[in-house]
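Colleague: I'm new to this one. Could you walk me through it?

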Amino acid sequence: MNTGLLFKYSMIQLRYFASLRESLGIGDEQIELPDGIHDLPGLSRWLQARGDTWASALADNRLHVAINQEIAKADASITDGDEIAWFPPVTGG
Amino acid sequence: MIRVQTEDFDPGAELEQLQQLNKGQAGAMVSFTGLVRDLNAGDTITQMTLEHYPGMTEKALAKIELEANDRWELTASIIIHRVGPLNPNDNIVFVAAASRHRQQAFRACEFMIDTLKTNAPFWKKETVADGTRWVEPGTS
């Protein structure tokens, strides 16, 4: 067996929109699912630990979260390959 | 039918298309066209930019249209939303419903635009005299 194929490969896609994207200075990124992180609250805490900008921006309880382009509950679980997006309340129409 | 596009649309032409889609079954067509206002929260708006979430936007609009068709007996329906930079008086959004009788079309049209405003991932950023600002929900 080629053990080179056994490396951990559990990436998740993160996306940020509108005012949140501007606050964070980033619109999307791909990261390895951090060890021990299985749900949105865990992932949010992990991201908030990146620094003050992340802590204050993601602590906004008006933010919505979508998993794989469907609105998700705040305590939803996450798995490998998920696309997770945070954004402020929508203002279209 | 749903469309998300940067280019303008012609509400009259879209209504004609809705009429063609009906194949003579409808007795009523109701439409709503949303425009960029020149004033918001007391300030003059010189430009507006619509951001959206490509992929999720289309899914959200398709879901709204499907739900309208589940709830009312429509013979055809259309949702169009523009994205990118827009100027005052430009078209932003077009929603239309056709049905055998007017009441179904009125209700479906209102449902689609109201639901779009709260459920579809679009964000408005407006340019005023002293810079740009994100529009707060409930004021647009």
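This is a predicted model: local features need pLDDT of at least 70, side-chain atom pairs count only at pLDDT 80 or more; totals for chains, interfaces and linings use all residues.

Colleague: In what order do the four strands of the open sheet in chain B run?

Modeller: The pairing in this sheet is antiparallel. β5(B) pairs with β7(B) over three bridges, and six bridges join β5(B) to β9(B). Another four bridges join β9(B) to β10(B). Put together, the order is β7-β5-β9-β10.

Colleague: Which strands stand at the edges?

Modeller: An edge strand here has a single partner, so one side of it is left without a neighbour in the sheet.

Colleague: Which residue is the bridge partner of Leu50(B) in β9(B)?

Modeller: β5(B) and β9(B) run antiparallel, joined by six bridges. At Leu50(B), the bridge partner in β9(B) is Lys124(B).

Colleague: How many residues lie between β9(B) and β10(B) in their hairpin?

Modeller: These strands run antiparallel, and Lys125(B) stands opposite Trp134(B) in β10(B). Between the two strands of the hairpin, the count is two residues.

Colleague: On to the contact between the chains: which element gives the most to the side of chain B that touches chain A?

Modeller: The contact takes 22 residues from chain B and 13 residues from chain A. On chain B, the elements giving two or more residues are β5 (47-52), α2 (56-71), α3 (102-119) and β9 (122-128). The top contributor, with four residues, is α3(B).

Colleague: And how many nonpolar residues does that side of chain B have?

Modeller: By class, there are five polar and four charged residues on the side of chain B that touches chain A. The nonpolar residues there number 13.

Conventions. Residues are numbered from 1 along each chain as its sequence is written. Chains are lettered from A and ligands numbered from 1 in the order in which they are written. Two residues are in contact if their C-beta atoms, placed from the backbone, lie within 7 Å. Ala, Val, Leu, Ile, Met, Phe, Trp, Tyr, Cys and Pro count as nonpolar, Asp, Glu, Lys and Arg as charged, and the others, Gly among them, as polar. Two strands pair if DSSP finds at least two bridges between them.
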